[in-house]
Each structure stands twice: as structure tokens, then as C-alpha cells.
Amino acid sequence: VGRDLAPADAANLPHTQAVAIVTELGGPTSHTALLARGIGIPAVVGAADILDVPEGTRILVDGTTGEIIINPTDALAVGAITAPVKVTSLTKPGATKDNRHIELLANIGTPTDAAAAAEAGAEGIGLFRTEFAYLGRDTEPTVTEQAESYRQVMSAFTQTGTAPQTGAATVEPIDPAAAKTSPHVVIRTLDAGSDKLLKFLNLPAEDNPALGVRGYRTAKIHPDVLKRQLEAIAAGAPDAWVMAPMIATPEEADAFATLARVSYGLKTVGVMVETPAAALMAPELYDIVDFVSIGTNDLTQYTFAADRLEAELQELQDPGRPALLRLIKAIGDAATRANKPLGVCGEAARNPELAPILVGLGVTSLSMAPRALAGVADALSALTFTDCAARASARL
Ligand code: PEP
Ligand code: MG
């Protein structure tokens, strides 16, 4: 329990000893919350009066509902912690009721997470947050170290193919002809800056770090760090898809794509759309790159000018609002015209109510923490693509 927890501290928590995290500050898409969610530690952020609770008080924390019970009775506490937690694995590829394949992918931060994602039946990795493994490190990982971690992530899926592992023997892939020879793994280049400070980058202090030098922008200060990372991806996972975070203009997309393709021979290059500027230029971005992935956490914070770390602004940090969905529709229309993939890898993808709406707007893959996969798969399988499109237009 504390006022706040930096992502670097959350990343280094002893998994077996930390039973829950409660912070006074922070929003539900803060990186600390995402890290805890990935590890499976119940976390409640933005708990306004938590610091008034006296030291030593027993509390019960429910990370799913966000409920905190102070001084629970023994019966309640024992009942809560011994209740079986049902984590369902995916048993077949994601699809709408009328069999339109929507790839259900996993968000990961480490190669260990990749193995767990494969186990949970994810069809691949939609977002490898490569910076998570480097939080709290004083030195940049070597090219060899990085290449090894990318190789491990690929191999977690190469062993199982793209078909979900659990029940794969009994369930036919929706479109066997579309079976790929290499797994669908999307590696994102370092997304440092803002709340993710990587010591070895030594970035200057800023008054507004969320609007400052973060994501792809750090490559302007440290071009060699990006080049070494691309070199490592080319060495360890040459078939991976690679994307850059926080792209704001087609010029940035072009510079990144040219570097990745020409200098490092990477074949499938994309960008994240996380700024309204990029969303509005989606057709031009698709002229340049092979795929786009929408980071709804940042796209929401920048569209509503509502800091994702600010607990007070949760009402505005809602990706289901029409303003955000209209931006996503513009990207979806561009993807459909270009006939290229469009993913969502922000937290909106894990929401069973929003997932069909995103599909109705033209999204072709959804990437999330593995434990959310089954809920989203169920929501999609109950609706046809026409139903999804109808829900989307109602929301718009
Ligand atoms: C996002 O912004 O939605 C995203 C997926 O990137 P991150 O959460 O790591 O900023
Ligand atoms: Mg982001």
C-alpha cells in the first residue's frame, strides 16, 4: 500500500511475496497497473483514502472489481482467498459467430510471459513491451542478450504453431489455408520516457513528460539504441513483425520503416497509432507500413487531454466514448481500403463489451493480457460481423 508505485518498482516486485498492490494515485491504464495485471497480482489504483488506513490493518483486495474491504471478517477473508480462480484457456481461434477470424493475441513484457501466453491459447503476441525487461537496469542490454530474449518469445509460439495449444487437436482452425509458417509475434521497439524511465537512456527532466521525448522520439536523442534493438530483432527473430511506439507523422513512420527494412532486412514493419495526429493520417500511414496497431491507452489520454496516471480523470479515460471510436473508425476505414491488418493492443481490446465494437470498426486483431482472452472470445462468438458493425454505428 502506498501513494504511488513506479513501473520500475512494480516490475521488480518479488512475485511470490507481493499479494496485492493498492495505491492512492494512478489510473487503470498506468503502466504499474498493466504490469501487475500481466503478473497476475491484484491491484487497485486511485484508492483515494487508502493512506488513512492505519498501518497493520488487515485488508482484502479484489483486483477484478476494485473493491477494498477494511478489516474483513475471518469468514469473508478465508472465503475470498480460497475460492477457486477460474482461468479459462482459449481452445480455438477467435472468430465472430459467422466465422470471421479475429486474431486473439497476447500482451507480454518478458519471454516468460510468452510461454504463459502460449499456454493460455493466445494465437500469437500482439504487443511485446520490450522496455519492461529493462526497467530498473543501469545499463543497456547487449545485442546478444536482446536477441536471445526475442528468440525465446518466437520459440514459445513456434513450438505450438499459431493454432491454440489447448484443445488444438480437436478443433479445426477456422481457415486452415491461412495457417502461417511463422508465428504472429509483434515486437515493439523501446517505449521509454514519460512514466517509464530507463536509467541507461538518461533522458532529460521535462515539465510535461507525457508530451515530451518518449517512445519513438527517444531515437532522435539515441539513434544507436534503436539501431542496436533492430539489429537484435533481425538476429533473434527475423520473422517477427516490428512496430514503433508514439509515431505522430508519416515522416516518422517512413524513417522508421526505411531503417527497419533497408538497414536490417525486417519484412513486416508497422507503427502504433497513439496520437490523434497519427489517427487522422491513417491513410498516409498505410501507404508506408504493413500494419498498424492502436494503443488505446495513449490515444485516449491524448484525445481527451486526460493524463492516464491521473486518478481524478477516470471518467475521461474511457475508450468507449464516441470521440475515440470516431478516430478508430477513421483508422479502420483506412485499413479496409489498404487491405492491411489493424490491431488494438491497448486495454480497450480486453473489454468484452468494446471488443465487438472495435471489430465492427474494422479491427482485425485484439491483443490483451492472456487471462482476458476467453471472455473476449466468448463475446465475439455470440455476434455476427454485421451485429458488430451495428453496435459500432450505434456507439458512433
Ligand atoms: C497503449 O498506449 O495503448 C499501449 C498499448 O502502449 P502502452 O500502454 O505501453 O503505452
Ligand atoms: Mg502507449
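Predicted model: local features only at pLDDT ≥ 70, side-chain atom pairs only at ≥ 80, totals over all residues.
Residues are numbered from 1 along each chain as its sequence is written, chains are lettered from A and ligands numbered from 1 in the order in which they are written, and side-chain values use heavy atoms, with hydrogens and water left out. Ligand 1 sits in the second largest cavity (more than half of its atoms lie within 2 Å of the grid points of that cavity).

**How cavities are found**

- Rolling a probe the size of a water molecule over the atoms shows where empty space is left.
- A cavity is a set of points, on a 1 Å grid over the protein atoms alone, where a 1.4 Å probe fits but cannot get out; lining residues have an atom within 4 Å of a point.
- Grid points are joined across faces, edges and corners, and a volume is the space filled by probe spheres set on the points.
- By this rule there are 3 cavities of 30 Å³ or more.

**The second largest cavity**

- Its volume is about 70 Å³.
- Its lining divides into 3 nonpolar, 4 polar and 7 charged residues (Ala, Val, Leu, Ile, Met, Phe, Trp, Tyr, Cys and Pro count as nonpolar, Asp, Glu, Lys and Arg as charged, and the others, Gly among them, as polar).

**The surroundings of ligand 1**

- Around ligand 1 there are 17 residues, and the closest are Arg129, Arg188, Glu274, Asn297 and Arg308 (a residue is near if one of its heavy atoms lies within 4 Å).
- This shell comprises 4 nonpolar, 5 polar and 8 charged residues.
- Helix H11 supplies the largest share of the shell, 3 residues (helices, H or I, of at least four residues and strands, E, of at least two are DSSP runs, numbered from the N terminus).
- Oxygen atoms of ligand 1 lie 2.7 Å from a polar side-chain atom of Arg129 and 2.8 Å from a polar side-chain atom of Glu274.
- A polar backbone atom of Gly295 is 3.4 Å from an oxygen atom of ligand 1.

**The largest cavity**

- The largest cavity has a volume of about 90 Å³.
- Among the residues lining the largest cavity are Thr189, Leu201, Tyr216 and His222.
- Helix H7 gives the largest share of this lining, 3 residues.
- The lining of the largest cavity holds 6 nonpolar, 5 polar and no charged residues.

Definitions and conventions:
Polar contact = N/O pair within 3.5 Å; in protein donor to acceptor, adjacent residues only side chain to side chain. 1 Å grid on protein atoms, 1.4 Å probe; cavity = no way out; pocket = protein on both sides within 12 Å on 5 of 7 lines; lining within 4 Å.
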